[in-house]
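Here is a friendly briefing to read alongside the model.

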Amino acid sequence: MQRLFSLVCLLLIATAAPVRAQERLKIVASFSILGDFVRNVGGDRVSVTTLVGPDSDAHVYSPTPADAKKIADARLIVINGLGFEGWLPRLVKSAGSKATVVTATSGIAPLKLGSDADPHAWQSVANARIYVGNIRDALVAADPASAQGFRDNAEAYLAKLDALDREVREALAKIPPSRRKLITNHDAFGYFATAYGLEFIAPVGVSTESEPSARDIAGIITQIKAAMIPAVFLENVSDPRLIRRISAETGAKVGGTLYSDSLTAEKGDAPTYIDMVRHNIKALTSALAN
Ligand SMILES: [Zn+2]
């Protein structure tokens with residue numbers, strides 16, 4: 001009995017001891033939102049680097065030599081998939097990486113925008129749960145000795161996401177149905193719109209890479225006036241001038257900034273995914289719910 005007790009104590013000490021830096025699983029996440037998910041599931045058992053950092057646009061990213069080094073050292077590379085990181089396969093290949101590539105959207109039914117899959121699946125909190133489950137399973141497979149820790153972290157984080165999903169629904173229920181429509185710069189909120197019943201119209205399309213034509217913009221302006229769309233929103237990854245011009249020409253007010261494809265730095269409005277979603281629903285309800 002005494003021996004068993006000491007053994008249990010030893011085990012408890014071993015699991016509670018902080019993991020030394022060199023033993024941490026090295027993971028590269030393609031962009032900031034994935035980096036946040038990986039940190040939540042991996043805790044102190046992983047060391048996470050993101051390629052496309054805060055307030056940066058993953059659609060049009062140009063990898064640097066430092067990124068190739070990060071990729072070469074990684075055990076896992078976590079990507080969104082659905083065509084979001086078009087620049088990544090070449091980078092992985094040129095870095096000579098043997099890392100396992102984990103597609104976080106695996107199992108999500110993609111929405112279509114024209115013939116392309118819409119990559120912005122993280123904007124529905126239900127989908128974020130799938131991302132987290134995929135990340136948990138990949139971490140468990142890569143480091144089975146830490147499996148219980150990863151599972152516990154994931155469970156705790158998934159409970160927070162459940163609460164967040166309820167928070168979004170309760171907040172948006174305050175917007176009268178006739179006012180649940182708005183303009184954003186690029187088409188990043190399709191999954192959010194489908195999950196939560198808002199209508200988003202975007203002049204730019206699914207990637208920030210394309211530019212709207214004068215005819216596209218004229219069409220949007222007509223649409224805003226006809227549908228009496230109450231507000232237009234800026235995005236942290238897109239050029240604000242177009243949205244300001246549309247606002248000036250239609251009288252729709254600028255409802256603030258929505259965070260679509262990137263988190264902010266630590267001191268910004270949206271340093272984590274949960275902060276990002278909360279910021280967005282606050283911006284939406286304060287512009288639309290009156
Ligand atoms: Zn986007």
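Axes are lines fitted to C-alpha atoms, for helices over the stretch in contact, and angles run from 0 to 180 degrees between N-to-C directions. This is a predicted model, in which local features need pLDDT of at least 70, side-chain atom pairs count only at pLDDT 80 or more, and totals for chains, interfaces and linings use all residues. Residues are numbered from 1 along each chain as its sequence is written, and side-chain values use heavy atoms, with hydrogens and water left out.

**Helices α5 and α6**
- The axes of α5 (residues 125-142) and α6 (residues 147-172) cross at roughly 175° and come within 10 Å; helices are DSSP runs of H or I, at least four residues, and strands are runs of E, at least two, numbered from the N terminus.
- That makes α5 roughly antiparallel to α6 (over 145 degrees; under 35 is roughly parallel, 65 to 115 roughly perpendicular and the rest oblique).
- In contact (heavy atoms within 4.5 Å) are residues including V132 and L139 of α5 and L158 and L161 of α6.

**Helices α8 and α9**
- Helix α8 (residues 214-227) packs on α9 (residues 240-250) at about 45°, with axes 10 Å apart, and the two are therefore oblique to each other.

**The zinc site**
- H59 (NE2), H120 (NE2), H186 (NE2) and D261 (OD) coordinate the zinc ion at 1.9 to 2.0 Å; donors are N, O and S atoms within 2.8 Å of the metal (3.2 Å for Na, K and Ca), and water is not among the atoms, so sites may look incomplete.
- Along the chain, these donors follow the spacing H-x60-H-x65-H-x74-D.
- H59, in the loop between β2 (46-52) and α3 (65-73), and H186, in the loop between β7 (181-183) and α7 (190-196), are 127 residues apart and link distant parts of the chain.
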